[in-house]
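Let's explore a protein model together, one question at a time. Have a look at the sequence and the structure first.

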Amino acid sequence: MKPFKYEKAKDLGTAASTLDSIPSASLLAGGTNIVDLMKEDVARPDILVDINGLEFSKIKKKGNTVSIGALATNKDTANHPLVRKHFPVLTQSILAGASAQIRNMATNGGNLNQRTRCMYFNDPSVTCNKRDPGSGCSAMEGLNRMHSIFGWSNRCVAVFPSDMAVGLAALDAVVNVANKDGESRAIPINDYHRLPGRDPSRDNTLKRGEIVTTIDIPINSWAKNSYYLKVRDRASYDFALVSVAAALDLGGGVIRGSRIAMGGVAPKPWRALIAEKELIGKKPSKELFERAAKMEMERARPLEHNEFKVKMGERAIVRALQKSGNA
Ligand SMILES: Cc1cc2nc3c(=O)[nH]c(=O)nc-3n(C[C@H](O)[C@H](O)[C@H](O)COP(=O)(O)OP(=O)(O)OC[C@H]3O[C@@H](n4cnc5c(N)ncnc54)[C@H](O)[C@@H]3O)c2cc1C
Ligand code: SF4
(Lines give C-alpha, C1' and ligand atoms only; values in the text may rest on other atoms or scores of the structure.)
(Ligands and ions follow the chains in the order given, each with its own letter.)
Protein backbone atom coordinates (compact mmCIF):
# COMPACT_ATOMS: atom_id res chain seq x y z
CA MET A 1 0.00 0.00 0.00
CA LYS A 2 1.27 3.47 -0.85
CA PRO A 3 1.88 5.68 2.23
CA PHE A 4 -0.80 8.35 2.66
CA LYS A 5 -1.74 11.21 4.96
CA TYR A 6 -4.84 11.06 7.13
CA GLU A 7 -6.97 14.12 7.86
CA LYS A 8 -10.06 14.18 10.06
CA ALA A 9 -12.44 16.74 8.50
CA LYS A 10 -13.73 19.44 10.84
CA ASP A 11 -16.52 20.49 8.54
CA LEU A 12 -17.82 20.06 5.01
CA GLY A 13 -15.96 23.14 3.75
CA THR A 14 -12.50 21.91 4.76
CA ALA A 15 -13.16 18.37 3.48
CA ALA A 16 -14.36 19.71 0.12
CA SER A 17 -11.49 22.16 -0.01
CA THR A 18 -8.90 19.39 0.41
CA LEU A 19 -10.66 17.30 -2.25
CA ASP A 20 -10.69 20.29 -4.57
CA SER A 21 -7.05 21.28 -4.13
CA ILE A 22 -5.46 17.80 -4.07
CA PRO A 23 -6.66 15.74 -7.06
CA SER A 24 -5.37 12.51 -5.54
CA ALA A 25 -7.27 13.02 -2.24
CA SER A 26 -10.03 10.60 -1.40
CA LEU A 27 -12.83 10.59 1.16
CA LEU A 28 -13.05 8.00 3.91
CA ALA A 29 -16.57 7.14 5.06
CA GLY A 30 -17.17 3.54 6.21
CA GLY A 31 -13.95 2.53 4.49
CA THR A 32 -15.31 -0.83 3.30
CA ASN A 33 -14.41 -0.10 -0.32
CA ILE A 34 -11.71 2.55 -0.39
CA VAL A 35 -9.50 0.79 2.15
CA ASP A 36 -9.72 -2.51 0.26
CA LEU A 37 -8.79 -0.72 -2.97
CA MET A 38 -5.81 0.93 -1.27
CA LYS A 39 -4.61 -2.39 0.12
CA GLU A 40 -4.80 -3.88 -3.38
CA ASP A 41 -2.91 -0.86 -4.77
CA VAL A 42 -5.87 -0.06 -7.04
CA ALA A 43 -6.54 3.28 -5.31
CA ARG A 44 -3.45 5.33 -4.43
CA PRO A 45 -4.63 8.52 -2.68
CA ASP A 46 -2.01 10.86 -1.21
CA ILE A 47 -4.45 11.88 1.48
CA LEU A 48 -7.54 10.32 3.04
CA VAL A 49 -10.09 12.81 4.34
CA ASP A 50 -12.17 11.19 7.04
CA ILE A 51 -15.68 12.64 6.89
CA ASN A 52 -17.10 10.57 9.74
CA GLY A 53 -18.29 13.05 12.31
CA LEU A 54 -19.77 15.50 9.81
CA GLU A 55 -23.42 16.23 10.31
CA PHE A 56 -24.91 14.18 7.44
CA SER A 57 -26.08 11.10 9.25
CA LYS A 58 -29.72 11.95 9.91
CA ILE A 59 -32.78 10.41 8.31
CA LYS A 60 -35.80 12.67 8.52
CA LYS A 61 -39.07 13.68 6.87
CA LYS A 62 -39.14 17.05 5.08
CA GLY A 63 -42.64 17.74 3.77
CA ASN A 64 -43.40 15.04 1.23
CA THR A 65 -39.81 13.83 1.07
CA VAL A 66 -37.60 11.66 3.22
CA SER A 67 -34.05 12.97 3.46
CA ILE A 68 -31.36 10.35 4.05
CA GLY A 69 -27.93 11.46 5.21
CA ALA A 70 -24.89 10.43 3.16
CA LEU A 71 -23.20 9.35 6.39
CA ALA A 72 -26.13 7.29 7.69
CA THR A 73 -25.06 3.66 7.61
CA ASN A 74 -26.69 1.19 5.26
CA LYS A 75 -27.92 -0.71 8.33
CA ASP A 76 -29.57 2.34 9.93
CA THR A 77 -31.09 3.37 6.61
CA ALA A 78 -32.56 -0.06 5.79
CA ASN A 79 -34.07 -0.36 9.26
CA HIS A 80 -35.31 3.19 9.74
CA PRO A 81 -39.10 3.30 10.31
CA LEU A 82 -39.58 6.02 7.66
CA VAL A 83 -37.70 3.98 5.08
CA ARG A 84 -39.44 0.73 6.01
CA LYS A 85 -42.84 2.43 5.84
CA HIS A 86 -42.48 4.48 2.67
CA PHE A 87 -39.78 2.69 0.68
CA PRO A 88 -39.74 -1.05 1.39
CA VAL A 89 -37.98 -1.57 -1.95
CA LEU A 90 -35.04 0.48 -0.63
CA THR A 91 -34.89 -1.59 2.55
CA GLN A 92 -34.96 -4.78 0.47
CA SER A 93 -32.25 -3.57 -1.91
CA ILE A 94 -29.90 -2.53 0.90
CA LEU A 95 -30.42 -5.76 2.81
CA ALA A 96 -29.71 -7.75 -0.36
CA GLY A 97 -26.20 -6.25 -0.46
CA ALA A 98 -22.95 -7.34 1.16
CA SER A 99 -23.29 -8.75 4.70
CA ALA A 100 -24.58 -7.52 8.06
CA GLN A 101 -21.05 -6.61 9.18
CA ILE A 102 -20.36 -4.56 6.06
CA ARG A 103 -23.76 -2.83 6.19
CA ASN A 104 -22.98 -1.79 9.79
CA MET A 105 -19.97 0.17 8.51
CA ALA A 106 -20.99 1.15 4.97
CA THR A 107 -22.56 4.57 4.45
CA ASN A 108 -25.03 5.73 1.83
CA GLY A 109 -22.55 8.16 0.27
CA GLY A 110 -19.90 5.43 0.11
CA ASN A 111 -22.37 2.98 -1.36
CA LEU A 112 -23.27 5.36 -4.20
CA ASN A 113 -19.59 5.97 -4.90
CA GLN A 114 -18.18 2.47 -4.60
CA ARG A 115 -16.08 1.30 -7.54
CA THR A 116 -16.82 -1.58 -9.91
CA ARG A 117 -16.08 -5.17 -8.94
CA CYS A 118 -14.72 -5.99 -12.41
CA MET A 119 -11.90 -8.39 -11.54
CA TYR A 120 -9.54 -6.74 -14.01
CA PHE A 121 -10.11 -3.33 -12.43
CA ASN A 122 -9.20 -4.85 -9.09
CA ASP A 123 -5.97 -6.39 -10.40
CA PRO A 124 -3.28 -3.75 -11.07
CA SER A 125 -1.18 -6.27 -13.04
CA VAL A 126 -3.58 -6.19 -16.04
CA THR A 127 -4.81 -3.43 -18.33
CA CYS A 128 -7.97 -1.52 -17.47
CA ASN A 129 -9.22 1.74 -18.98
CA LYS A 130 -11.13 2.63 -15.83
CA ARG A 131 -8.08 2.33 -13.56
CA ASP A 132 -5.46 3.37 -16.11
CA PRO A 133 -7.08 5.38 -18.95
CA GLY A 134 -5.96 4.34 -22.42
CA SER A 135 -4.36 1.07 -21.33
CA GLY A 136 -7.12 -1.16 -22.77
CA CYS A 137 -9.99 -3.22 -21.45
CA SER A 138 -9.04 -6.73 -20.33
CA ALA A 139 -12.67 -7.77 -19.91
CA MET A 140 -13.67 -7.09 -23.50
CA GLU A 141 -11.84 -10.21 -24.74
CA GLY A 142 -11.52 -11.81 -21.30
CA LEU A 143 -13.91 -13.35 -18.82
CA ASN A 144 -16.96 -11.11 -18.99
CA ARG A 145 -19.67 -13.26 -17.40
CA MET A 146 -20.37 -10.63 -14.69
CA HIS A 147 -20.31 -7.66 -17.07
CA SER A 148 -22.78 -5.39 -18.88
CA ILE A 149 -25.39 -6.22 -21.47
CA PHE A 150 -26.65 -2.63 -21.74
CA GLY A 151 -24.91 0.75 -21.94
CA TRP A 152 -21.33 -0.47 -22.34
CA SER A 153 -18.76 1.03 -24.72
CA ASN A 154 -15.74 -0.51 -26.39
CA ARG A 155 -13.67 1.20 -23.67
CA CYS A 156 -15.37 -0.48 -20.69
CA VAL A 157 -18.01 -3.15 -20.09
CA ALA A 158 -18.06 -3.13 -16.27
CA VAL A 159 -21.27 -3.01 -14.24
CA PHE A 160 -21.95 -0.66 -11.34
CA PRO A 161 -22.23 -2.95 -8.30
CA SER A 162 -24.55 -1.17 -5.85
CA ASP A 163 -27.90 -2.73 -4.91
CA MET A 164 -29.00 0.36 -2.99
CA ALA A 165 -28.59 2.57 -6.07
CA VAL A 166 -30.97 0.31 -8.01
CA GLY A 167 -33.60 0.72 -5.30
CA LEU A 168 -33.07 4.48 -5.37
CA ALA A 169 -33.40 4.53 -9.18
CA ALA A 170 -36.89 3.05 -8.90
CA LEU A 171 -37.84 5.73 -6.36
CA ASP A 172 -36.86 8.84 -8.34
CA ALA A 173 -34.36 9.78 -5.63
CA VAL A 174 -32.33 12.98 -5.83
CA VAL A 175 -28.67 13.13 -4.74
CA ASN A 176 -27.68 16.41 -3.07
CA VAL A 177 -24.03 17.44 -3.30
CA ALA A 178 -22.09 20.44 -1.99
CA ASN A 179 -18.69 22.01 -2.57
CA LYS A 180 -16.15 24.01 -0.53
CA ASP A 181 -18.02 27.27 -1.08
CA GLY A 182 -21.23 25.81 0.29
CA GLU A 183 -22.80 25.72 -3.19
CA SER A 184 -25.13 22.78 -3.61
CA ARG A 185 -26.60 20.86 -6.53
CA ALA A 186 -29.46 18.37 -6.69
CA ILE A 187 -28.79 15.53 -9.13
CA PRO A 188 -31.59 13.11 -10.08
CA ILE A 189 -30.34 9.60 -9.32
CA ASN A 190 -30.65 8.58 -12.96
CA ASP A 191 -28.19 11.33 -13.90
CA TYR A 192 -25.80 10.67 -11.02
CA HIS A 193 -24.01 7.63 -12.46
CA ARG A 194 -22.74 7.76 -16.02
CA LEU A 195 -22.13 5.41 -18.92
CA PRO A 196 -18.46 4.86 -19.85
CA GLY A 197 -18.49 6.27 -23.38
CA ARG A 198 -14.94 7.32 -24.23
CA ASP A 199 -14.01 7.98 -20.59
CA PRO A 200 -14.69 5.07 -18.26
CA SER A 201 -12.46 6.51 -15.52
CA ARG A 202 -15.35 8.55 -14.13
CA ASP A 203 -18.27 6.57 -12.68
CA ASN A 204 -20.50 9.53 -11.91
CA THR A 205 -21.22 13.19 -12.57
CA LEU A 206 -19.74 14.56 -9.34
CA LYS A 207 -17.49 17.54 -10.03
CA ARG A 208 -14.08 17.81 -8.42
CA GLY A 209 -14.39 18.80 -4.77
CA GLU A 210 -18.08 17.89 -4.48
CA ILE A 211 -19.34 15.73 -1.63
CA VAL A 212 -22.66 13.92 -1.36
CA THR A 213 -24.56 15.29 1.63
CA THR A 214 -28.07 13.82 1.50
CA ILE A 215 -30.36 11.77 -0.69
CA ASP A 216 -33.98 12.93 -0.99
CA ILE A 217 -36.73 10.47 -1.84
CA PRO A 218 -40.24 11.67 -2.68
CA ILE A 219 -42.99 9.86 -0.81
CA ASN A 220 -45.46 8.39 -3.29
CA SER A 221 -48.34 5.97 -3.29
CA TRP A 222 -46.35 3.15 -4.89
CA ALA A 223 -44.63 1.94 -1.73
CA LYS A 224 -46.87 -1.00 -1.10
CA ASN A 225 -46.59 -2.20 -4.69
CA SER A 226 -42.84 -2.56 -4.98
CA TYR A 227 -40.25 -5.32 -4.82
CA TYR A 228 -36.49 -5.87 -5.12
CA LEU A 229 -35.31 -9.14 -6.63
CA LYS A 230 -31.63 -10.04 -6.72
CA VAL A 231 -30.27 -13.06 -8.58
CA ARG A 232 -26.72 -14.05 -7.62
CA ASP A 233 -24.42 -17.03 -7.51
CA ARG A 234 -24.62 -17.37 -3.72
CA ALA A 235 -27.00 -16.01 -1.12
CA SER A 236 -24.65 -13.70 0.82
CA TYR A 237 -21.52 -11.66 0.18
CA ASP A 238 -22.19 -11.66 -3.53
CA PHE A 239 -22.98 -9.10 -6.17
CA ALA A 240 -25.96 -9.30 -8.53
CA LEU A 241 -25.89 -11.25 -11.74
CA VAL A 242 -29.16 -9.46 -12.39
CA SER A 243 -31.39 -7.49 -10.04
CA VAL A 244 -34.67 -5.66 -10.50
CA ALA A 245 -36.36 -2.99 -8.39
CA ALA A 246 -39.98 -2.65 -9.50
CA ALA A 247 -42.69 -0.29 -8.28
CA LEU A 248 -46.23 0.05 -9.61
CA ASP A 249 -48.81 2.78 -9.20
CA LEU A 250 -52.10 0.87 -9.35
CA GLY A 251 -55.55 2.42 -9.49
CA GLY A 252 -58.91 1.61 -11.04
CA GLY A 253 -57.68 -1.87 -11.91
CA VAL A 254 -54.90 -0.59 -14.18
CA ILE A 255 -51.23 0.38 -13.95
CA ARG A 256 -51.11 4.17 -13.80
CA GLY A 257 -47.33 4.42 -13.50
CA SER A 258 -44.35 2.11 -13.24
CA ARG A 259 -40.68 2.14 -12.35
CA ILE A 260 -38.34 -0.71 -13.24
CA ALA A 261 -34.63 -0.36 -12.47
CA MET A 262 -32.07 -3.10 -13.08
CA GLY A 263 -28.72 -3.90 -11.51
CA GLY A 264 -25.92 -6.18 -12.70
CA VAL A 265 -26.64 -5.38 -16.34
CA ALA A 266 -25.11 -1.96 -17.03
CA PRO A 267 -22.46 0.56 -15.89
CA LYS A 268 -25.21 2.39 -13.97
CA PRO A 269 -28.60 1.46 -12.53
CA TRP A 270 -30.53 0.69 -15.72
CA ARG A 271 -34.05 2.04 -16.06
CA ALA A 272 -36.13 -0.36 -18.16
CA LEU A 273 -37.98 2.48 -19.88
CA ILE A 274 -39.38 0.38 -22.73
CA ALA A 275 -40.95 -2.09 -20.30
CA GLU A 276 -42.21 0.73 -18.06
CA LYS A 277 -43.98 2.38 -20.99
CA GLU A 278 -45.61 -0.84 -22.17
CA LEU A 279 -47.32 -1.30 -18.80
CA ILE A 280 -49.06 2.06 -18.58
CA GLY A 281 -52.86 2.04 -18.66
CA LYS A 282 -53.10 -1.74 -18.74
CA LYS A 283 -54.46 -4.31 -16.32
CA PRO A 284 -51.66 -6.17 -14.50
CA SER A 285 -51.23 -9.73 -15.75
CA LYS A 286 -48.43 -12.23 -16.21
CA GLU A 287 -48.82 -12.01 -19.99
CA LEU A 288 -48.42 -8.22 -19.93
CA PHE A 289 -45.33 -8.44 -17.71
CA GLU A 290 -43.80 -11.09 -19.99
CA ARG A 291 -44.40 -8.97 -23.09
CA ALA A 292 -42.95 -5.84 -21.47
CA ALA A 293 -39.89 -7.70 -20.16
CA LYS A 294 -39.23 -9.28 -23.56
CA MET A 295 -39.47 -5.90 -25.30
CA GLU A 296 -36.91 -4.46 -22.89
CA MET A 297 -34.44 -7.30 -23.07
CA GLU A 298 -34.54 -7.46 -26.88
CA ARG A 299 -32.37 -4.33 -26.77
CA ALA A 300 -29.60 -6.07 -24.76
CA ARG A 301 -26.11 -6.42 -26.28
CA PRO A 302 -24.58 -9.40 -24.46
CA LEU A 303 -20.86 -10.14 -24.48
CA GLU A 304 -19.20 -13.49 -25.12
CA HIS A 305 -19.86 -14.97 -21.66
CA ASN A 306 -23.03 -13.28 -20.42
CA GLU A 307 -25.76 -14.13 -22.96
CA PHE A 308 -27.54 -15.89 -20.07
CA LYS A 309 -28.29 -12.49 -18.49
CA VAL A 310 -30.79 -11.71 -21.25
CA LYS A 311 -33.21 -14.51 -20.33
CA MET A 312 -32.40 -14.08 -16.65
CA GLY A 313 -33.19 -10.36 -16.88
CA GLU A 314 -36.48 -11.06 -18.66
CA ARG A 315 -37.58 -13.53 -15.98
CA ALA A 316 -36.39 -11.29 -13.15
CA ILE A 317 -38.45 -8.36 -14.47
CA VAL A 318 -41.55 -10.56 -14.69
CA ARG A 319 -41.05 -11.97 -11.18
CA ALA A 320 -40.40 -8.55 -9.62
CA LEU A 321 -43.50 -7.12 -11.32
CA GLN A 322 -45.62 -10.04 -10.19
CA LYS A 323 -44.44 -9.52 -6.63
CA SER A 324 -45.17 -5.78 -6.91
CA GLY A 325 -48.56 -6.06 -8.58
CA ASN A 326 -49.89 -9.28 -7.07
CA ALA A 327 -50.50 -10.61 -10.59
C1 LIG B 1 -17.17 -8.51 0.64
C2 LIG B 1 -18.03 -7.38 0.15
C3 LIG B 1 -19.25 -7.67 -0.43
C4 LIG B 1 -20.06 -6.63 -0.88
N5 LIG B 1 -21.25 -6.94 -1.48
C6 LIG B 1 -22.06 -5.92 -1.92
C7 LIG B 1 -23.31 -6.18 -2.54
O8 LIG B 1 -23.72 -7.33 -2.69
N9 LIG B 1 -24.04 -5.12 -2.94
C10 LIG B 1 -23.64 -3.83 -2.78
O11 LIG B 1 -24.36 -2.92 -3.17
N12 LIG B 1 -22.45 -3.55 -2.22
C13 LIG B 1 -21.66 -4.56 -1.79
N14 LIG B 1 -20.46 -4.27 -1.22
C15 LIG B 1 -19.98 -2.92 -1.27
C16 LIG B 1 -20.37 -2.09 -0.07
O17 LIG B 1 -21.76 -1.82 -0.15
C18 LIG B 1 -19.56 -0.82 -0.18
O19 LIG B 1 -18.22 -1.15 0.11
C20 LIG B 1 -20.03 0.27 0.78
O21 LIG B 1 -21.36 0.61 0.53
C22 LIG B 1 -19.16 1.50 0.65
O23 LIG B 1 -19.52 2.42 1.66
P24 LIG B 1 -18.40 3.02 2.62
O25 LIG B 1 -19.07 4.03 3.46
O26 LIG B 1 -17.66 1.94 3.33
O27 LIG B 1 -17.48 3.74 1.54
P28 LIG B 1 -15.93 4.08 1.57
O29 LIG B 1 -15.17 2.82 1.33
O30 LIG B 1 -15.58 4.88 2.75
O31 LIG B 1 -15.86 5.01 0.29
C32 LIG B 1 -16.11 4.48 -1.01
C33 LIG B 1 -15.93 5.60 -2.03
O34 LIG B 1 -16.96 6.55 -1.88
C35 LIG B 1 -16.42 7.85 -1.73
N36 LIG B 1 -17.32 8.56 -0.81
C37 LIG B 1 -17.69 8.16 0.43
N38 LIG B 1 -18.57 9.01 0.95
C39 LIG B 1 -18.77 9.98 0.03
C40 LIG B 1 -19.58 11.16 -0.01
N41 LIG B 1 -20.38 11.51 1.00
N42 LIG B 1 -19.51 11.93 -1.13
C43 LIG B 1 -18.72 11.59 -2.17
N44 LIG B 1 -17.95 10.49 -2.18
C45 LIG B 1 -17.98 9.70 -1.10
C46 LIG B 1 -15.02 7.65 -1.19
O47 LIG B 1 -14.19 8.72 -1.57
C48 LIG B 1 -14.62 6.36 -1.86
O49 LIG B 1 -14.11 6.63 -3.14
C50 LIG B 1 -19.64 -5.29 -0.73
C51 LIG B 1 -18.42 -5.00 -0.13
C52 LIG B 1 -17.62 -6.03 0.32
C53 LIG B 1 -16.31 -5.70 0.97
S1 SF4 C 1 -14.59 -3.62 -18.07
FE2 SF4 C 1 -13.98 -1.56 -17.42
S3 SF4 C 1 -13.27 -1.92 -15.36
FE4 SF4 C 1 -13.22 -3.92 -16.37
S5 SF4 C 1 -11.21 -4.13 -17.37
FE6 SF4 C 1 -12.52 -3.20 -18.85
S7 SF4 C 1 -12.14 -1.00 -18.57
FE8 SF4 C 1 -11.49 -2.01 -16.71
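Q: How many bridges join strand 1 to strand 3?
A: This is a predicted model, in which local features need pLDDT of at least 70, side-chain atom pairs count only at pLDDT 80 or more, and totals for chains, interfaces and linings use all residues. Residues are numbered from 1 along each chain as its sequence is written, while chains are lettered from A and ligands numbered from 1 in the order in which they are written. Strands (E, at least two residues) and helices (H or I, at least four) are DSSP runs numbered from the N terminus, and two strands pair if DSSP finds at least two bridges between them. Strand 1 runs parallel to strand 3 (residues 47-50), and the number of bridges joining them is four.

Q: Which residue in strand 3 does E7 stand opposite?
A: Strands of a sheet pair through backbone hydrogen bonds, either parallel or antiparallel. Here, the residue of strand 3 opposite E7 is V49.

Q: Which strands are the edge strands of the open sheet?
A: The open sheet has three strands with parallel pairing, in the order 1-3-2. Each edge strand pairs on one side only, and these are strand 1 (5-8) and strand 2 (25-28).

Q: Is A98 buried or exposed?
A: A98 sits in the loop between helix 5 (88-95) and helix 6 (100-105). A residue is buried if 20 or more other C-beta atoms, placed from the backbone, lie within 10 Å of its own, exposed if 12 or fewer, and partly exposed in between. Because A98 has 24 C-beta neighbours inside 10 Å, it counts as buried.
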